[in-house]
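My notes follow in the order in which I checked things.

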Amino acid sequence: MTAALEAKQLNKSFGSVVAARDISVIVNRSERLGLIGTNGAGKTTFVNIVTGYIKPDTGTVRLEGRDITGHTPRSITRAGVCRSFQVPQLFLTLTTAQSLAVAFGIADGRAFSPGASIDAEMEGKVENLLERFRLIDYRNRMVAELPGGVRKLIDIAIAVTRKPKVLLLDEPTSGVAVEEKFALMDIVMSALDSDVTVLFVEHDMDIVSRYAQRVLAFYDGKIIADDLPETVFANQTVRTFITGTAN
Amino acid sequence: MELVTTILIDGLIDASWIFIVAVGLTLIFGVLNILNIAHGNFYAIGAYAAANAVGVYYSGAGASMPMLGLVAMTVAALVVAIVLGPLLERGLFRFFYHRDEIVLVLVTYALFLILEDATKLIWGVNPYYAYEPYGLFGTVSIGKLDYVGYDFFLIGMAIVIGILLWLGLNRTRSGKVVLAVIHDREMSSAAGVNVTKIFVISFTIGVFLAALGGAFTAPKISVQPGLAVMVVLFSFAVAVIGGLGSIEGAAIASLLVGIARALAIHLAPWAELFIVYLAMALMLAVRPQGIFSPTALRKI
Amino acid sequence: MLSRLMVWLLAGVTLAILVALGEVLPSWCVFLLVTAAAKGLAALGLVLVIRTGLLSFGQGLFYCAGGYGAGLLMLWGGITDMTLLVLAGGAVALLFGLLTAPLLASYRGIFFATLTLALSMLMHGALTKADFLGGSDGLNLHSPTLFGLRPASAAEAVHMLYLFSSVLVVAVAVACRRHFDSLRGLLSLATRDNEIRVEYLGASVSRVISENFVAAAFLGGVGGALNAIAVGHIDPELAFWTTSGEFVFVAILSGYLSVAAVFASSILLELIRSFSSQYFPNAWQMSLGIFMLASILFLPNGIGGLIVRRKACDPGKDPA
């Protein structure tokens with residue numbers, strides 16, 4: 001069976017800084033992967049290469065066998081890789097419902113047909129997604145007015161309108177109050193379709209243990225561990241460089 | 001060969017006043033990030049003020065000390081700058097710094113509209129003449145042609161201003177602080193630079209340069225409504241071609257524009273009007289940051 | 001957001017009111033409304049561009065192209081029918097739009113504004129020196145006709161033009177309102193708010209901007225053609241940057257939320273201009289400037305923000 005996502009020997013340097021060294025990963029369909037590592041370890045570079053924000057110096061990225069290395073973010077998104085952002089990238093003057101409608105409109109192409117309005121079918125899809133992400137109360141509120149945690153949910157909901165094959169979440173709980181982190185991840189994970197492959201970058205190890213089936217640990221541009229969460233957290237190198245020895 | 005000399009000299013003469021005005025525009029953009037559509041108005045007001053000063057001076061003490069008329073013109077430009085500079089920067093522009101940079105362009109456009117009429121209301125619509133200084137330097141013969149000495153004085157003035165600006169920015173402490181603000185405003189502010197003071201001073205200098213350009217061009221033209229509209233375009237073109245915020249760029253671009261216009265006038269009159277905009281459009285299309293660009297590229 | 005039925009209803013009522021006004025208002029007033037309609041159409045085009053987050057200082061390019069397109073068709077082609085002339089003007093401007101959009105679509109902010117200004121001034125410069133097109137004096141046009149009907153008097157001519165403009169404006173307004181409320185309209189606003197997000201959803205920002213820009217060009221041309229027919233004259237001044245500035249004034253005053261506000265602002269502009277040319281000819285630009293400053297300061301969403309109730313939000317200064 002073709003892997004959902006396969007990265008092969010990705011290398012990327014920014015001047016003298018090596019951000020990615022021979023990164024190779026095979027991710028299978030519907031896996032839930034946590035990416036951990038200190039800042040500058042290479043996880044963000046990996047996410048950026050996969051989503052097309054930067055081109056790798058060498059190496060390939062394949063989505064279900066199809067080569068997407070170095071393609072534009074737009075092209076990669078259309079192929080089926082969607083992402084959310086560490087700082088939510090939203091349409092601040094639109095309402096939550098309108099944001100989702102635009103996303104759906106782009107996904108099915110109707111946002112480029114003259115005169116295509118938000119019909120009953122689209123309203124249905126918007127309502128459905130609003131419900132799954134517990135955003136019904138914010139349906140007609142302008143996004144600029146909404147608090148951080150809600151914005152994170154909207155960012156992820158927008159990313160999911162395209163029914164992606166692979167979903168990358170960049171620090172979904174960063175900036176969210178500690179008490180709310182689990183609630184947010186609960187909502188997100190239960191809102192997603194079961195066959196979506198999810199990679200999420202996280203600093204909070206409790207979140208990672210709870211929601212990841214597999215963990216990739218990054219350090220100095222390399223993947224130093226790739227296994228079940230318990231195994232990775234027990235790994236000596238991981239404990240030294242990422243989680244700290246007191247565990 | 002003669003044609004080449006003529007074109008070069010005409011171009012140089014044109015380039016002088018264009019440089020004086022455009023360097024002010026580019027300085028204002030570099031430091032304050034304001035694309036000042038009202039810049040031409042400062043030029044016009046400088047011209048009117050100088051015309052007034054010349055009128056007063058030469059009917060009084062000036063008859064015996066004609067050269068000092070130049071000082072009178074400079075003082076006029078200075079007064080314009082000191083009155084308008086701080087007033088506009090502190091009293092108008094600063095309320096919009098937190099908004100999108102395009103909003104400031106709109107504010108300067110509104111200011112342009114207001115100043116256009118303010119100028120008419122203060123000085124009327126009839127032309128003013130300030131021809132006395134124009135004869136101060138006699139004529140200069142180059143080859144078969146005679147040039148007015150005043151025009152060469154202008155060239156000298158432009159060169160001196162360019163050098164003074166360059167020295168001021170690159171060799172004095174305060175100048176280097178200004179360069180730092182041009183390069184990276186946030187960083188400079190974080191490093192403790194009094195950005196407000198730099199803003200007011202830089203803007204005032206920019207206004208002064210525009211007014212100076214107007215003041216010293218006044219003896220060559222009839223000072224009447226409509227000056228601002230054309231001048232602002234030329235300064236824009238030069239500032240964009242040279243790279244917004246770059247003094248050196250403004251100097252080179254002024255030369256290019258001056259010579260391009262001279263070329264057009266002598267060889268292809270049909271292109272006289274649009275050669276400047278063609279150069280501007282081409283530069284934007286090919287290298288939007290201009291010849292030199294001290295500020296980060298804000299194309300996208 | 002208005003329902004389809006409401007839009008058509010409003011359109012019908014507006015048209016009825018306009019026709020009625022045409023019967024009672026004096027001729028100079030009716031003429032003013034026609035020129036306001038022409039400028040309003042061009043400004044509406046600019047609003048389309050503003051809705052994608054860009055400011056053009058060169059809408060005059062298309063206004064001029066439309067004017068010359070219509071004018072030359074009349075003088076050289078012998079066509080006098082208003083409908084054909086206006087369509088022709090729009091088509092010529094559309095062509096220019098298609099030619100310039102690919103270049104412009106990769107520019108933003110100040111650079112986009114300056115490039116549009118440069119292109120418009122290029123046309124101005126070219127036309128000024130083009131003697132066969134009238135040079136800086138321009139060309140005078142003949143009287144227009146409508147569906148074969150030739151007006152018997154000057155007053156009747158203005159009236160006919162007015163009826164034509166009213167229908168044109170209402171039709172365009174309905175189309176634009178539908179566009180604003182459609183998914184495409186939303187996508188334009190989304191592009192203005194966050195281009196990155198739009199790209200990462202799989203849509204081409206370049207395409208959104210280009211399509212809006214070309215539509216704006218068409219509207220600019222239609223407005224320019226209408227103006228040419230009404231005034232009976234075309235000259236390079238139509239492409240001068242101050243003409244574009246007038247459209248900027250209207251668009252900033254009206255905001256980008258309401259179509260009606262655009263035409264209301266355009267009428268205001270024409271009123272200020274004609275009123276002041278009578279009483280204070282050297283202060284009308286100043287009035288415009290003051291209006292504009294007031295609008296920027298107190299009505300960030302323009303007059304339209306008052307009509308279409310929506311809280312002002314400047315994404316540029318949002319801390320998140």
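Entry 1, chains A and C. I counted the residues in contact: chain A puts in 41 and chain C 28. I note that the model is a predicted one.

I then looked up the area. Chain A and chain C bury about 3,200 Å² between them. Carbon and sulfur atoms account for 63% of this.

Next I looked for charged pairs. The interface of chain A and chain C has two salt bridges. I looked at the one between C:R197 and A:D155, where the closest N and O atoms are 2.7 Å apart. I also listed the polar contacts between chain A and chain C and got 13 residue pairs, both residues at pLDDT 80 or more.

Which elements of chain A supply at least two residues each to the side that touches chain C? I found α2 (73-79), β6 (81-84), α3 (96-107) and α5 (148-160) of chain A. The largest share is that of α3(A), with six residues. By class, I sorted this side of chain A into 22 nonpolar, 11 polar and eight charged residues.

Entry 2, chains B and C. I repeated the steps here. In this contact, 46 residues come from chain B and 42 from chain C. The buried area between chain B and chain C is about 4,100 Å², with 78% of it from carbon and sulfur atoms.

I found one salt bridge between chain B and chain C. B:E272 and C:K129 form a salt bridge through their side chains, at 3.5 Å from N to O. Polar contacts across the interface of chain B and chain C come to 10 residue pairs, both residues at pLDDT 80 or more.

On the side of chain B that touches chain C, α4 (101-123), α9 (227-242) and α11 (275-286) of chain B supply at least two residues each. I noted that α4(B) gives the most, with 16 residues. That side of chain B has 37 nonpolar residues, one polar and eight charged.

I traced four strands of chain A in an open, antiparallel sheet, in the order β2-β1-β4-β5. Strand β1 (5-14) of chain A pairs with β2(A) over seven bridges, in the antiparallel sense. I checked A:S13 and found A:V18 in β2(A) as its bridge partner.

What packs on this sheet? I found helix α1 (43-50) of chain A there, touching β1, β2 and β4 (58-63) of chain A. The direction of α1 makes about 115° with that of β1(A).

How values were computed
Residues numbered from 1 in each chain as written. Chains lettered and ligands numbered in written order. Predicted model: local features only at pLDDT ≥ 70, side-chain atom pairs only at ≥ 80, totals over all residues. Heavy atoms only, no water. Pairing = 2+ DSSP bridges. Contact = heavy atoms within 4.5 Å. Axes fitted to C-alpha atoms, helices over the stretch in contact; angles between N-to-C directions. Buried area = accessible area lost by both parts, 1.4 Å probe. Salt bridge = Lys/Arg side-chain N within 4 Å of Asp/Glu carboxyl O. Polar contact = N/O pair within 3.5 Å; in protein donor to acceptor, adjacent residues only side chain to side chain. Nonpolar A, V, L, I, M, F, W, Y, C, P; charged D, E, K, R; others polar.
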